[in-house]
Amino acid sequence: MHQLLDVLASGVHDTKNQLFCAEAHIAETEKKHGIDLSEARYAIEAAAQRLSRTLTAYHLLRDGASLAVVPTLAEDLCSEIAIDQQKHLARAGIVLEVKCEVRDAWPLDRDLIADVLNNAVQNAGRHARSKIMLHAWNDDTCLHFRVEDDGSGFADLATRGTGLLVAERIARLHQRQGKHGSLTLSNNGTLGGAVFELCLP
Amino acid sequence: MAEVDYSKKRFLVVDDQPMARESLRAIAQTVGAFAVDFAPGYQDAIFKIRNNTPDIILCDYMLGDGRSGQQLLEELRRFDLLPDETIFMMVTGEQSYEQVVAAVELVPDDYIIKPFSPDKLLLRLDRVAAKKKFFASFYREKRKQEYEKALAILAENKGSEAGRAYRFETLRQEAEVHMAAGNVEQAETAYRNILEKYEFPWARAGVAKSLRQQNRLTEAREEIEKVVAGTPHYFDAADIKANICMAQGEHEEAQKVLDAVAKKTPRNYQRKRLLAEAAELNGDVETARKTLADVVANDTMPGAVSIEDQLNLARTHVGAGDLISAEKVLLLMRESEVMNMQLAQQGSFSALLALASPAKGKPKFTGLRPALLETPLPTNVRIDVMHAALNINDNELADRQTKQLMSGDEAKKVFGTVRKLYALHSRENDFREIQRQVALQRIHHEET
């Protein structure tokens with residue numbers, strides 16, 4: 001069982017290294033010729049994210065992986081999501097607005113949460129008409145991330161695909177002082193469409 | 001816009017794969033880097049960093065040849081080759097590296113998972129540069145070992161608005177400074193303050209280490225067992241556990257724990273030194289000999305193999321009854337090294353030589369006798385001196401060392417070794433008598 005996981009992980013690792021070589025090559029070409037190939041790089045990164053996500057999902061659904069929690073700044077996380085998604089969404093006429101009101105470093109699994117949020121923004125991008133908002137804030141006990149769009153909302157709030165199941169698992173694995181994280185989906189947010197909200201203790 | 005002018009920074013890219021190295025160079029140049037140097041592996045990296053410390057190191061996690069970027073980082077810190085001002089960024093395609101960073105105490109400034117865009121690297125480098133700027137005055141005081149001043153800066157940081165972004169880093173630095181300054185109780189408190197906020201494995205391990213320093217061994221063991229159980233990939237925790245086990249006199253367990261992790265990190269020679277110590281205490285002289293011989297032959301970092309290593313190796317040869325090898329190790333030590341030894345090292349050297357080759361060692365050993373009788377000595381040295389003294393029937397010198405050993409903090413650790421040596425010289429009864437005296441003295445001490 002673990003041997004299989006090791007084989008998969010090592011394959012994913014090698015592939016991501018190869019993808020990095022491709023992305024670096026493109027970035028170099030862009031600079032040399034002053035052209036914009038960011039969509040090609042976006043496709044490469046999306047492919048790598050998809051691979052990692054598959055491995056993570058396998059981990060989480062099969063043998064209950066453990067988190068790698070490090071102190072993280074929500075602001076940096078939001079900036080990275082913006083770097084990953086803003087330009088790509090703009091090509092489809094969608095504006096990604098980021099609002100971060102968190103000042104304290106927060107203990108969380110930076111890479112998994114970044115992936116969950118990237119995924120949520122990508123999903124929103126498929127349904128939004130013109131706007132997506134990523135909003136981070138905290139109260140005394142919880143750090144909140146909310147992704148909402150101005151689309152028609154979730155058709156069915158009860159059924160959740162693999163992506164959302166994994167997101168929920170990841171949220172719940174975040175535990176602190178006896179509390180655990182959660183994922184809430186709803187409709188009719190401030191932009192009128194779907195609302196995806198993570199709460200991490 | 002970049003907050004730092006990266007064209008003025010010296011980059012070093014460490015990666016064993018030529019393609020990946022080229023890619024990292026290309027990305028670094030895209031963010032504005034002008035001077036990018038390469039190191040294809042561990043040794044080259046150390047050589048280059050030692051000779052001309054770069055401003056920014058981009059290091060791949062997998063370096064080939066059984067080495068990892070994490071090991072490079074640890075080695076650089078061990079030999080103080082990495083100033084706090086240098087940015088060390090780990091680059092990895094391996095998602096499992098996150099698990100390492102989340103557990104261990106010694107972390108890079110940041111890590112980034114491949115593939116990544118130049119913009120993302122830029123963001124992360126800017127962020128690290130901002131952090132280094134925030135802690136700049138603290139780093140200066142810490143380097144000068146002005147611990148009080150360093151702590152005062154941290155206290156100020158804690159209360160500041162800008163400090164909120166670095167609240168965990170500040171707490172961690174506070175604990176480490178207390179540890180470095182020898183304030184072990186304050187270090188414990190600082191680590192516990194972190195745990196109140198979040199159960200970081202490295203903070204729990206910090207509690208265990210500070211308890212170990214306070215000689216509160218049972219509590220220390222309880223704490224470290226939690227860490228080892230929760231994060232088996234955190235190898236430093238295994239080292240700490242072994243260290244505590246040895247202090248408790250549980251040498252077999254210490255050796256078992258170290259043997260398991262040393263197999264997974266075959267090029268970690270600090271861990272091998274610890275394994276040799278545990279094996280020797282456990283009476284497994286062959287493993288101790290083999291392991292130390294490996295350290296002395298293969299820890300290739302200049303200056304890494306110390307006088308202590310060579311004395312330790314000689315000691316294990318003596319323990320195994322291989323006196324010729326012991327003599328060879330001792331006589332092969334450079335004359336300048338032997339001349340410049342401090343009294344403690346001279347004590348071990350002459351004692352071991354007296355054991356290996358009485359004709360060559362005894363005159364020097366007896367010459368040192370008056371000093372060895374009166375001077376406080378480290379545990380290892382006392383054992384060597386006691387061993388050599390037993391051999392030449394100098395009971396006064398031997399018993400004086402034993403009395404000190406049995407009343408010291410490391411009595412449990414060396415009890416088995418000392419008893420065995422007395423038994424070898426048919427002096428078990430005398431050993432028991434010394435123990436009785438030490439116990440009486442302790443009771444007397446507690447009553448008054």
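**B:Asp259, at 28% relative accessibility, counts as partly exposed.** The model shown in this and the following views is predicted. The side chain of B:Asp259 is paired with that of B:Lys263 in a salt bridge, whose closest N and O atoms are 3.0 Å apart. B:Lys263 counts as exposed, with a relative accessibility of 62%. Helix 13 of chain B, which spans residues 251-264, holds both B:Asp259 and B:Lys263. The two positions are four residues apart, about one turn of the helix.

**B:Arg334 and B:Glu337 form a salt bridge through their side chains.** The distance from N to O in this pair is 3.4 Å. B:Arg334 is exposed, its relative accessibility being 55%, whereas B:Glu337 is buried at 16%. Elsewhere in chain B, salt bridges with shared partners connect B:Glu188, B:Arg192, B:Glu199, B:Arg204, B:Arg216, B:Glu219, B:Glu223 and B:Lys226 into one network. Over all chains, the structure contains 65 salt bridges.

**A salt bridge joins the side chains of A:Glu75 and A:Arg103.** The N to O distance is 3.6 Å. This pair links distant parts of the chain, its members being 28 residues apart. A:Glu75 belongs to helix 3 of chain A, while A:Arg103 is located in the loop between strand 2 (95-100) and strand 3 of that chain. A:Glu75 is partly exposed, with a relative accessibility of 42%. A:Arg103 is likewise classed as partly exposed, at 37%.

Leaving aside residues up to four places away in sequence, A:Glu197 touches A:Trp137, A:His144, A:Phe145, A:Arg146, A:Ser182, A:Leu183 and A:Thr184.

**Chain A is assigned two parts, domain 1 (2-63) and domain 2 (70-200).** Eleven residues of domain 1 of chain A and 15 residues of domain 2 of chain A take part in the contact between them. Taken over C-alpha atoms, the centres of domain 1 and domain 2 of chain A are separated by 22 Å. About 1300 Å² is buried between these domains, and carbon and sulfur atoms contribute 53% of that area. On the side of domain 1 of chain A, the residues that lose the most area to domain 2 are A:Tyr42, A:Arg53 and A:Leu60, which together account for 46% of what that side buries.

**Two salt bridges are counted between domain 1 and domain 2 of chain A.** A:Arg53 and A:Asp115 meet through their side chains in a salt bridge, with an N to O distance of 3.0 Å. Six residue pairs are in polar contact across the interface of domain 1 and domain 2 of chain A. The side of domain 1 of chain A that touches domain 2 comprises four nonpolar, three polar and four charged residues.

**Chain A and chain B bury about 3700 Å² between them.** Carbon and sulfur atoms give 55% of this area. The contact involves 42 residues of chain A and 39 residues of chain B.

**Salt bridges between chain A and chain B number seven.** A:Asp84 and B:Lys120 pair through their side chains in a salt bridge, at an N to O distance of 3.5 Å. Across the interface of chain A and chain B, 17 residue pairs are in polar contact. On the side of chain A that touches chain B, the elements giving two or more residues include helix 1 (2-33), helix 2 (38-63), helix 3 (74-91) and helix 4 (110-127) of chain A. Strand 1 (70-72), strand 3 (106-108) and strand 6 (175-176) of chain A are also among them. Helix 1 of chain A gives the most to this side, with twelve residues. By class, the residues of the side of chain A that touches chain B are 18 nonpolar, nine polar and 15 charged.

Technical notes
Residues are numbered from 1 along each chain as its sequence is written. Chains are lettered from A and ligands numbered from 1 in the order in which they are written. This is a predicted model: local features need pLDDT of at least 70, side-chain atom pairs count only at pLDDT 80 or more; totals for chains, interfaces and linings use all residues. Side-chain values use heavy atoms; hydrogens and water are left out. Domain bounds come from an automatic or database domain assignment. Contact means heavy atoms within 4.5 Å. Buried area is the accessible area (1.4 Å probe) that two parts lose on being put together, summed over both. A salt bridge is a side-chain nitrogen of Lys or Arg within 4 Å of a carboxyl oxygen of Asp or Glu. A polar contact is a pair of N or O atoms within 3.5 Å; within protein, one must be able to donate a hydrogen and the other to accept it, and residues adjacent in sequence count only if both atoms are side-chain atoms. Ala, Val, Leu, Ile, Met, Phe, Trp, Tyr, Cys and Pro count as nonpolar, Asp, Glu, Lys and Arg as charged, and the others, Gly among them, as polar. Buried means under 20% relative accessible area, exposed over 50%, partly exposed in between (1.4 Å probe, protein chains only).
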